[in-house]
Amino acid sequence: MAREHLVVIGNGMAGVKTVENILEQAPDRYQITIVGAEPYPNYNRIQLSYVLEKSKAIEDIILNDWDWYRENGIELYTGTKVTDIDTTMKRITTDNGTLIAYDKLVLATGSTPFMLDIPGADKQGIVGFRDIKDCETMLQAADQYKKAAVIGGGLLGLEAAKGLLKLGMDVTVVHLFDDIMERQLDHTASSMLQAELETQGIKFATGKKTVAYLGDGDRVAGLQFSDGSELEAEFVVMAAGIRPNTELALAAGLEVNRGIVVDDYMRTSAPDVYAVGECNEHRGISYGLVAPLFEQGAVLARHLCGVETEPYAGTVMSTQLKISGVDVFSAGEFTDAPGLTVVRMHDEWRRIYKKILLRGGRIIGGVLVGDGKSAARLQQWIRTGTVMTDAIHDTLMGAVEAAGGNSVADIADEEIVCGCNGVTKKRIVDVIQERGFTTVEEIKLSTGASRSCGGCRPVVEQILKHVLGDKYDSAAAKQEGICSCTTLSKDEVVRNIKEKGLITSQEVRYALGWENEEGCSKCRPALNYYLGMIWPAEHVDERDSRFVNERMHANIQKDGTFGVVPRMYGGLTTPEDLRLIADVAVKYNVKLVKVTGGQRLDLLGIQREDVPKIWEELGMPSGYAYAKALRTVKTCVGSQFCRFGTKDSIDMGIQLEKRFERLDMPAKFKMAVNGCPRNCAESATKDLGIVGNEGAWEIYVGGNGGIKARLAELMCKVRTDEEVMEIVAAFIQYYRETANYLERTSDWIERIGLTKVIQTVVEDADSRRELVERINAALQQVKEPWRDILDNQKLKEQLFDEIQAPSGRQ
C-alpha cells in the first residue's frame, strides 16, 4: 500500500516530537515532510538561555541533526515559510511557490512573543526571546551596548536577564506586577527569588507599566513608565508573554480563539488537519511550557497511527527556573485559598522556603525555593493527587533525607517520570530489562527521558539503580555512550583503538560494529579527536569531521561572514601589530573590531574569500577562538608593573600559551595567571588558574564561568616556573586522555574527583613523567592552522574559493 503523506508545518519541539512518536509506533505508515521557517534542524528551545550564556553552542542544543531526517526518510525544508493552506485541495504553498499535497496535516507553528504596541515600538534594539536568531541578536547587542531592560519578570524574562548579565550588561527587569513569577510563586517565594537575583547583579523595576520607548533617533534609548518615571536602556528584550501563532490557520478558515481550537485528539475544525503545541487551544487553554506540548504530541501520534489512546485531558503545570545558583520549583496550585490545607516551612537563615497545598488531604500543588531535591517526587505526587502522609511530610520538610534510592519503588508504573517527553516509569523499566541498559545515557537515547531540561535525570538514575540492584555500577552508570551509532562508551572505544591499533575513524566504525557505518555528527568529531590524541604521529586529521568553525579556522557569523582572532600571547601586543591589524581591517572593510574577554582583538564581518588574504597579510598565528583547544591565557600585569604583584604573571602566561597552543583537547580550555591573590585575571573561574603568592605558585583547576558556574579548586602549590610547566603539562594530558569529548574540566573534575587528579598528576612522579612524555609527543605534531591552509592551495580553494549558494532545503 502507498503510504499516506503527512506534512508538518513547524520544525520545533512539539511537531518533531509528534513525528518521533509516529516513527516509533508505525515507522512505515507515513511519508513525512516537515517545513521549518528557521535554517536549523530541530533544537532544544528550553536551552536557549544556555546559548545566550555562551556555556553551550548552537550545535550543543540540537535534538535531531541533519542525519536523523535523512536516516528516517523525512523530507525537510528549512528556512522556508508556508504562506497558504488549501483545506479543500489538501495542499500547502510555501514562500518560494512550492506546492505540497497532504493526506494529513499537522500545524505546529508555535507562538510569537507578545510585543507592546506603544509609541516607539518600531525603534531598533527591541527584540523578543524565542529562537536562535533572537539569541544571536542579544549576543551581538551585548558586544556593543551596556544597559539592557527586560520587560517581563516571568520564567523567560529572568533567564534572559541572567544571560545578558553574564555577558556583561547592566540589566533591569521591568515587571507590571509587584511580584516576579506571580503565575508560579506566592509573595514570599517571589520576594526570596528577587532578593537572590539582586545579589547576583540583576536590577528590578516592579509594579511598572511601560507606556513608551524613548530615543530621539532610530534606536531605543530607554523606557517611559505610566507613573512618569523613566529607565535608560540601549537594548530591550520583550519577555512579557507569548501569543499562539494562528495566522495560517485564520487565513485557511480554521476555528481560532486565542489559539487554533482543537479537541482531545488535536483535531481542528478542518478534516485531516491537526494542531499541536503552543499554537493550539485545548479546552480554553493555550500552553506555553514543553511538558503539555509533548503530552499532546503523544496523543496525536497514537491517533494518527490508529492506536487506541486515552484522550488528552490537560496538563498539571510545573516550572523550574534554569538559572545557576537559583533553585526554584513550582507545580500545580500555589496560592493560599479557602478549603486548602497549607504545609509551610520558611528558613530565612538558609534561604529555604517550602509550601505544599492539600485539598481533602491530597497534594495538589507546591513551591520549593532554595532546596529542590524533592522536586521530581513532589511533581509526581501532585500529578497523582497522592495523600499526604507522615513519611512524605518528613521528606518534603527536611525531617529526613529527600526521597532517593529505592523510594522509586513507590512510583506507579503509569506515572510520568519525564514530563518534557512524556516517558513513564514503566517504559524506563522495560528498556532497562529488555535491552540490558546500564546507563542513563542509554535510557535517554532510547526513550528521550532527561533529554530536554534534564530535571528528571536523578529519578531516572534512581530507577536504573532500583531495577539493576546489585548489578548497578555507579561508575559505569556515569559513562555516557559516544552516540546512538554504538552502545560502546568512550572508555571502551578508546581501549579498542589502542588494543586493535585502529588509525582512522572508518576503521573504528567497521571494527567496532557501528550501526551507522558512516557515523553521525556526534561521533565523527569525537572519534577524530580520540584518534589524534592516541596516535598523534600516525593519525591524519579528518578535517570533514570537525565542526565548521574548526574546519575553517575562523568563526562563522549569522550573516555568513567570518570572525578572525589573531593570537596575542598573554594579552600583549605591540604598536606595530596594532597598526597592522588596523590597516588590514580598513583594507578589507572589516565591520567590527572587538576586544574579547580573553584580551585579544576579534575582527568581525569578513567575507569568506577574504579570510585567507587577511591571514596572509597579518602574518600572525591563529588565536584559536573557534577550537576545542587552548583558547587564551589571560594575565594581569603582575610584578612587572603592579605594586601588589608578587610574581611575573605576564611572562608565565606567555610561556604557557606558547607551549600548549594548537593542541587538540576534549573541549575548549581557558587559563589565567594572577601575579597576586587579588584575582584580576579571574583565575578562579578558569579550567586552569595560576595564582602567584609570596615565594610560590598556586595551581587551581576545574573552574567554569558559564551557566554551571564553578570555582576552581586548589590542586597544589609549587615554587618554580619549571614545576608549574611540568604539572600543567601532566594535568592537560590527563584531561585529554580521560575526559569525554566535549566535557569541560569542571564536569570532568566532578566526575572523576580532584583526589584522583592530585594522585595521578602531583603525587605520582612516574605517572606525571609519563603524561609529560605523551603530551610532548603530541605537541611535536601541532601546526599553525592558518599557515597550513595558506600553504595548501587545493585546500584553500576548497574551503574559501568554492563558495556554495545557501539553500533552504536539506
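Visitor: What should I know about the numbers first?
Guide: Residues are numbered from 1 along each chain as its sequence is written, and side-chain values use heavy atoms, with hydrogens and water left out. In this predicted model, local features need pLDDT of at least 70 and side-chain atom pairs count only at pLDDT 80 or more, while totals for chains, interfaces and linings use all residues.

Visitor: What does the pLDDT average over the chain?
Guide: The average is 88, and 94% of the residues score at least 70; pLDDT is the predictor's confidence in each residue, from 0 to 100. Residues 400-406 fall below 50, and beyond near neighbours in sequence that stretch has twelve contacts in the model. Contact means heavy atoms within 4.5 Å.

Visitor: Where are domain 3 and domain 4?
Guide: Domain 3 covers 327-401 and domain 4 covers 410-478, with bounds from an automatic or database domain assignment.

Visitor: How many residues are in contact there?
Guide: Five residues of domain 3 are in contact with seven of domain 4. The two domains bury about 540 Å² between them, 54% of it on carbon and sulfur atoms. Buried area is the accessible area (1.4 Å probe) that two parts lose on being put together, summed over both. On the domain 3 side, R377, Q380 and R383 lose the most area, together 72% of what that side buries.

Visitor: What is the count overall?
Guide: The rule gives 43 salt bridges. One of them joins the side chains of R70 and D67, at 2.7 Å from N to O.

How values were computed
A salt bridge is a side-chain nitrogen of Lys or Arg within 4 Å of a carboxyl oxygen of Asp or Glu.
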